[in-house]
Amino acid sequence: MQTVSENRCFGGVQGVYAHPSKATGCEMTFGLYLPPAAERGPVPLLWYLSGLTCTHENAMVKAGAQRAAAELGLAVVFPDTSPRGDGVADDAAFDLGQGAGFYVNATQAPWAPHFRMWDYISDELPRVLLANFALDETRQAITGHSMGAHGALTLAMSLPGRFASVSAFAPIAHPTASDWGRPQFTAYLGEDETAWAAHDATLLMQARGFDGPVLVDQGGADQFLDKLMPEALAHAMAVRRQPGQVRIQKGYDHSYFFVSSFMADHVAFHAGALGL
């Protein structure tokens, strides 16, 4: 593992690191914020999964998680959104290819050799983090924005016991019925729609729910509401009687201005679930 940079931040350290990945077959980069409490021993870990077009850097710089994380004693990891490099398949569209991994393991050409973001996030990167940093494996939570919120919800519901809580900013909530989902799942997973269901938060909520609290914030003025379909997830949560909230925030759009406005709420939500 290579240290790209480390900066002092609210008494802790905001680092950027790179490592060769077996899951994706290329070098991967991630950001990790360690709060001051990490100097005294392992701390709980909050995962932040980013959205379309993002790298590890966008949320690390714009989401404003570090202040609250420092105060509450949480580490925050900011993974990249896809494999990258000259030998990695790409597409001219912003919502397919590099920057748009959708947190799935691709099975179709030309994506299958590198686009294995499910394995990277669920297995490989956790092992890298736990082997190199003062993190408490038994206390983890997960959040994300847009495509990353889709990933956070599907990972949380598919890995029982891994995460104490899950939250989402403007999630792609029902991708099997959306233009942000159907074209990408066809490309990555093939035309058999039964393979898509494992990566749809609404369908997973209907089938199994989550064994902890859920918090969803959605901007009421989000320009992508028709693609996100938050009403489908809210209905599935209500039918299942899932502990949690779906909050429509009046006037907010899809940007990091929206995310940063409610980030402290989400960090505190996860800190409570983690016993901090």
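**Starting from a tryptophan**

Mentor: W111 counts as buried, because its relative accessibility is 5%. Keep in mind that this is a predicted model.

Trainee: Where is W111 found?
Mentor: W111 sits in the loop between β5 and α3.

Trainee: And which residues is W111 in contact with, leaving aside its neighbours within four places in sequence?
Mentor: Its contacts include A89, D90, D91 and L96. A187 and Y188 are also among them.

Trainee: What kind of peptide bond joins A109 and P110?
Mentor: A cis one, with omega at about 0°. P110 is in the loop between β5 and α3.

Trainee: What about F102, buried or exposed?
Mentor: Buried, because its relative accessibility is 0%. F102 also lies in the loop between β5 and α3. Its phi is positive, about 60°, although F102 is not a glycine.

Trainee: Is R241 buried or exposed?
Mentor: Exposed, with a relative accessible area of 72%.

Trainee: New topic. Where does α3 bend?
Mentor: Helix α3 covers residues 117–132 and bends by about 35° at E124. A proline, P126, follows within four residues.

Trainee: Which residues in α3 are buried?
Mentor: Several are, including W118, I121, L125 and L129.

Trainee: Why would residues spaced like that point the same way?
Mentor: An α-helix has 3.6 residues a turn, so residues three or four places apart point the same way.

Trainee: What covers the buried residues of α3?
Mentor: The cover includes strands β2, β3, β4, β5 and β6, and also α4.

Trainee: Zoom out. How many helices and strands are there?
Mentor: Nine helices and nine strands.

Trainee: What is the radius of gyration?
Mentor: It is 17 Å. A compact globule of 276 residues would have one near 19 Å, so the value agrees.

Trainee: How much of the protein is buried?
Mentor: Buried residues make up 59% of the 276.

Trainee: Last one. How many positive and negative side chains are there?
Mentor: There are 17 positive and 27 negative ones. The centres of the two sets lie 7 Å apart.

Key: Residues numbered from 1 in each chain as written. Predicted model: local features only at pLDDT ≥ 70, side-chain atom pairs only at ≥ 80, totals over all residues. Heavy atoms only, no water. Helix = DSSP H or I, 4+ residues; strand = E, 2+ residues; numbered from the N terminus. Rg over C-alpha atoms; globule rule 2.2 N^0.38 Å. Buried < 20%, exposed > 50% of the residue type's maximum accessible area, 1.4 Å probe, protein only. Lys, Arg positive; Asp, Glu negative; His and termini not counted. Charge placed at Lys NZ, Arg CZ, Asp CG, Glu CD. Bend = angle between axes of the 7 residues up to and from the residue. Contact = heavy atoms within 4.5 Å.
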